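These entries record what I looked up in one structure. I took aromatic pairs, charged contacts, annotated domains and a pocket in turn.

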Amino acid sequence: MENDRWARYSRTKQKADLAEVLRKSWYHLRLSVRHPSRVPTWDAIVLTAASPEQAELYEWQLKRAKRTGRISASTVTLAVPDPLGQRIGSGAATLHAIHALAAHYQKLGLSLVPEEHVGATNGISESSVLHESSRDEVHFLPMVSFIAKRHILLLHAGGDSKRVPWANPMGKVFLPLPYLAADDPDGPVPLLFDHILAIAACARLAFKNEGGIFIMTGDVLPCFDASTMILPEDTSCIITVPITLDVASNHGVVVSSKSVSLDKSCNVSLVDNLLQKPSLEELSKNKAILDDGRTLLDTGIIAVRGKGWLELVTLALSCQPLISELLKSRKEISLYEDLVAAWVPAKHEWLRPRPMGEELVNGLGKQKMFSYCAYDLLFLHFGTSSEVLDHLSGSGSGLVGRRHLCSIPATNVSDIASHSVVLSSKIAPGVSIGDDSLVYDSSISSGIQIGSLSIVVGVNVPTVNGTTENPFKFMLPDRHCLWEVPLVGCTERVIVYCGLHDNPKDSLSRGGTFCGRPWKKVLIDLGIEESDLWSLSGIHEKCLWNAKIFPIHSYFEMLNLASWLMGLSEQKSEQLLQVWRSSRRISLEELHRSIDFSKMCIGSSIHQSDLAAGIAKACFNYGMLGRNLSQLCEEILQKETLGVETCKDFLDLCPKLLEQNSKILPKSRAYQVQVDLLRACGSESTACKLEHKVWASVADETASAVRYGFKENLLEAPINISASAFQKNNDDYLDQSFHPRSVTVELPVRVDFVGGWSDTPPWSLERAGHVLNMAISLEGSLPIGTTIETTKATGVYVNDDAGNESHIEDLTSIAAPFDGDDPFRLVKSALLVTGVIHENCLASMGLQIRTWANVPRGSGLGTSSILAAAVVKGLLQITDGDASNENIARLVLVLEQLMGTGGGWQDQIGGLYPGIKFTASFPGIPLRLKVIPLLASPRLVSELQQRLLVVFTGQVRLAHQVLHKVVIRYLRRDNLLVSSIKRLTELAKIGREALMNYDIDDLGEIMLEAWRLHQELDPYCSNKSVDRLFEFAHPFCCGYKLVGAGGGGFALLLAKDAERAKKLRNLLEEDSSFDAKVYDWNIFSA
């Protein structure tokens, strides 16, 4: 039995789909940043660095991540260098980082920490301790308790990146990785760090409310759904993945217990032993080989929770004297060999005699370590330059944005391969870039040729005397790397280069290479002596890392010497050798210690700002404002004063642009651009004043699209016609006796499965929309209606089911804009859009209008629009107007813009047309709607009515609050929003097919994805109460979502079967903690 269980544990599972995992992870990251009170985020993110200078760079990158929405504003960030810039090992660096974070918190004070974390220890208030910032040492016990309640992400990012030397200046963790870059083409280039943050955002969910630390490494992207991790309480857990034995022999291996498992799936098991680069014999002896012939790889990811975390914090905050001893002895403590061994009893004997071994065992040894096996984990390692290019051209190549925030010339004046990757770079005409090459953060002038499979980073080739044609020619061969580094105390940036496959650690005697050639050949061909590169004393291994080979000279002289060192120069070697020997030269090792990180950060900011300004300028000069200028302005403003001046220049161009393109450029878009530019210039008050023009333009554009063929005075107030004048012009009409008329309209509510937002202006005025929804009755009746009667007395008398009433005698008072608190603005708007008050009939008679809506306020069932449809339909019927459903739907679209609620067409379509329907809209004048009823079989109807729960969540929602944010994002051309709504329209088509094919479970999956996309549009469309309801319903359901715009109101819960639907309904009705009501419903059929 035990063997069968273990066989299940070691079975082969399919690796994670890279695109799916990253998209889900980024979705969680964005939610946690935009709404951290609902979706928990990390309390602190800490990076380790090799030196104070590198820590300064990391701090700049952390600020960038906050600015660009990768890290929540509430998260504390910190970069911690090894003490005195001396290596102490990843284990000691972990303890040191925790201690540094505690000191940082003490420096910040509790006022910067969320209130819910405030507690007391041994009767001592934590706030009183944290405000004692004048103390040099952290106040021990209260601070231990304080930190132990926090959720910390620790990323080991120090080191010298010898195998990826071009990433050394920026730090390997911040190398560019443009996966999913096309989803947000105007956003910053995604970095490896950003993707790690996305994976970690899901991992935060696995910790729940128990404090802890999640430790990762900066050169690996572990692609898996970290939100599904099972982390044991009060102890540590190492994340593992099954791997073949040949790979395991070069890495750490975890031996998991076959008898002690915490869950039925055997994903979580006790760790029996830890092995380092084990042989086959060692694997067999320690029973580390699984039944499928693989073993468990240590991924370098460690989670510690509860008591285990408390003990780790206690040790970290008391071990500074021990770390001082490490520094004196120049010894190191490894996280993956030493520190984790403290949680594995089998390793205690080995650990005790090692540095800090006794302290580690005594401080941490009470708890044991578990292994969580992530079967589907996809392990992307960035250990070498070739691995970086492999990840851009291999299985993940479909996710790569190959052109991002760059300036590239036309194809007839340059030769840029389609499979090359150009990021944040300006490429001049006359440049060649080969296949699968990477160019990042660079400005390349004409005359530069870059071969295939090459990497160019941070290179800024100047033009000669400001000319576009550069007389200087330079070629970087295939499979080479080229980068620039600013040095402390040096005005010139040194140009550095090597072969793609060069290993700077390989020595001269062990086959080391430079630019792809063996060192011995390089020395012979160029006439260089070993003594030119390496001093005779103090160097143990002669290798590229410590070779003083890179000359510091004028820019083009350095390029000239680079060609010579690569073996490409046609000039006489003697002459160049003399120039090279007489130059000041530097090695990679010296470069690592001499980088001017401050200058590098400033230069990168200026470069990004100039690129963004160039792209924005092109939008004004040649385009139709199709880019996200709000996002580009954020980059432009990195130049501060000059950036503001640039934005002011763009602002001056706006009136002319609108005048030149008035026939095709929507005014709403043009005004929104002006609003964003005003804010970028610091003119907040002027921006606020202009905002009303944005919304007025949306209303006007909607009316223009819908009222085609109608009278032009559709939205105007009526002209006051006196009774005598009316009598004079209409004697025949008055001779007729008064004939009272009465019309009652009752309509169902609608529930939408998918496609919402694609029906809403201005999207629906510019792009196609598709919605799948259904008309239903509630509790056996049609809940929305109106009764309209003619009266002998003139004027309009209105009342509603809330007890509000009004008598409007002066019809000229009915004019937009309406007071937001006016309970009858809907009826008044209906009188305007139908043209009823423009007809002379109301000069001799009046109307009495009564309305009702027997559903909770803020239901999300389309109540407002459907009630508007009922009133519009009643008015048209009583005046013998065009009361067709299509005409009513279009008029209600105008009505909602007139009211200022800004809704779309799906609500009125949902209430006017019976049953389940798929509706498409097509932009144009007029806006065209096509309603396709779905002929649902009795079996489908029965199945839906048994499995679908229509539940009022108890949460009141206001659609216009959510709608306002979404419309603004669309007007800004927010690419993430655009792609999300596009996907919703696709899902509506897929959902239609699923229903027609009786695939109700598929419909559930579509509802789940639609709900995720709605939260992408606005994370405030849900709240903690709704999240709790869905979490409770999740085991019973194959799909769920809020209806309408979200924010509260009604929810749809699609159960896996009828039995689970009944059980879920009973549980919800019995649980008083849910302020929810389950409604009986039926599909409405005319």
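Entry 1: I call a residue buried when its relative accessible area is under 20%, exposed when the area is over 50%, and partly exposed in between. The model I am reading is predicted. I looked up F1074 and noted a relative accessible area of 9%, so F1074 is buried. F1032 has 25% relative accessibility and therefore counts as partly exposed. The rings of F1032 and F1074 have centres 5.0 Å apart and planes at 55 degrees, so I recorded the pair as tilted. The pair links distant parts of the chain: F1032 belongs to helix α37 (residues 1024-1033), whereas F1074 is in the loop between α38 (1058-1070) and β42 (1077-1079), 42 residues apart.

Entry 2: I noted 21 aromatic pairs in the structure. In one of them, F174 with F193, the ring centres lie 4.9 Å apart and the planes stand at 55 degrees, so this pair is tilted. F174 is in the loop between β5 (151-156) and α7 (192-207), and F193 is in helix α7; 19 residues separate them, and the pair links distant parts of the chain. Both F174 and F193 are buried. I also found a cluster in which ring pairs link Y497, F514, W519, W534 and F550.

Entry 3: charges over rings. I then turned to arginines placed over aromatic faces. R767 lies over the face of W763, 5.0 Å from the ring centre. R973 has its charged end over the ring of Y970, at 4.7 Å from the centre of that ring.

Entry 4: salt bridges. Side chains of opposite charge can pair when their charged atoms come close. My search of the whole structure gave 43 salt bridges. I followed some of these to their positions in the chain.

R305 forms a salt bridge with E210, and the closest N and O atoms are 2.8 Å apart. R305 lies in strand β11 (residues 295-305) and E210 in the loop between α7 and β6 (212-217), so the bridge ties together parts that are 95 residues apart in sequence. Buried or exposed: which applies to R305? At 6% relative accessibility, R305 counts as buried. E210 is buried as well, with a relative accessible area of 17%.

R972 forms a salt bridge with D676, with 3.0 Å between the closest N and O atoms. R972 is partly exposed, with a relative accessible area of 24%, whereas D676 is buried, at 8%.

D1057 forms a salt bridge with R1060, the closest N and O atoms being 3.0 Å apart. I noted D1057 as partly exposed at 25% relative accessibility, and R1060 as partly exposed at 33%. Elsewhere in my list, salt bridges with shared partners join R30, R983, E986, E1009, R1012 and E1016 into one network.

Entry 5: annotated domains. I consulted the UniProt record, an unreviewed entry, which places "domain: GHMP kinase N-terminal" at residues 842-912. Over that span the chain is 54% helix and 11% strand, and the end C-alpha atoms are 27 Å apart. The annotation "domain: GHMP kinase C-terminal", from the unreviewed UniProt entry, covers residues 993-1066. Residues 993-1066 are 55% helix and 16% strand, with 32 Å between the end C-alpha atoms.

Entry 6: the second largest pocket. Rolling a probe the size of a water molecule over the atoms shows where empty space is left. I noted about 1,700 Å³ of space in the second largest pocket. Its lining has 47 residues, of which K172, T217, D219, Y336 and H381 lie nearest the centre. Elements that give two or more residues to this lining are β1 (44-49), α3 (52-67), α4 (89-108), β11, α12 (335-339) and β13 (378-381). Which element gives the largest share of the lining of the second largest pocket? The largest share comes from β11, with four residues.

Notes. Residues are numbered from 1 along each chain as its sequence is written. This is a predicted model: local features need pLDDT of at least 70, side-chain atom pairs count only at pLDDT 80 or more; totals for chains, interfaces and linings use all residues. Side-chain values use heavy atoms; hydrogens and water are left out. Rings of Phe, Tyr and Trp (its six-membered ring) pair if their centres lie within 6.5 Å; planes under 30 degrees apart count as stacked, over 60 as edge-to-face and the rest as tilted. Buried means under 20% relative accessible area, exposed over 50%, partly exposed in between (1.4 Å probe, protein chains only). A charge sits over a ring if NZ of Lys or CZ of Arg is within 6 Å of the ring centre and within 35 degrees of the ring normal. A salt bridge is a side-chain nitrogen of Lys or Arg within 4 Å of a carboxyl oxygen of Asp or Glu. UniProt positions are given in the numbering used here, feature names are shortened, and annotations may be inferred rather than shown by experiment. On a 1 Å grid over the protein atoms alone, a cavity is a set of points where a 1.4 Å probe fits but cannot get out, and a pocket is an open set with protein on both sides within 12 Å along at least five of seven lines; lining residues have an atom within 4 Å of a point. Grid points are joined across faces, edges and corners, and a volume is the space filled by probe spheres set on the points.
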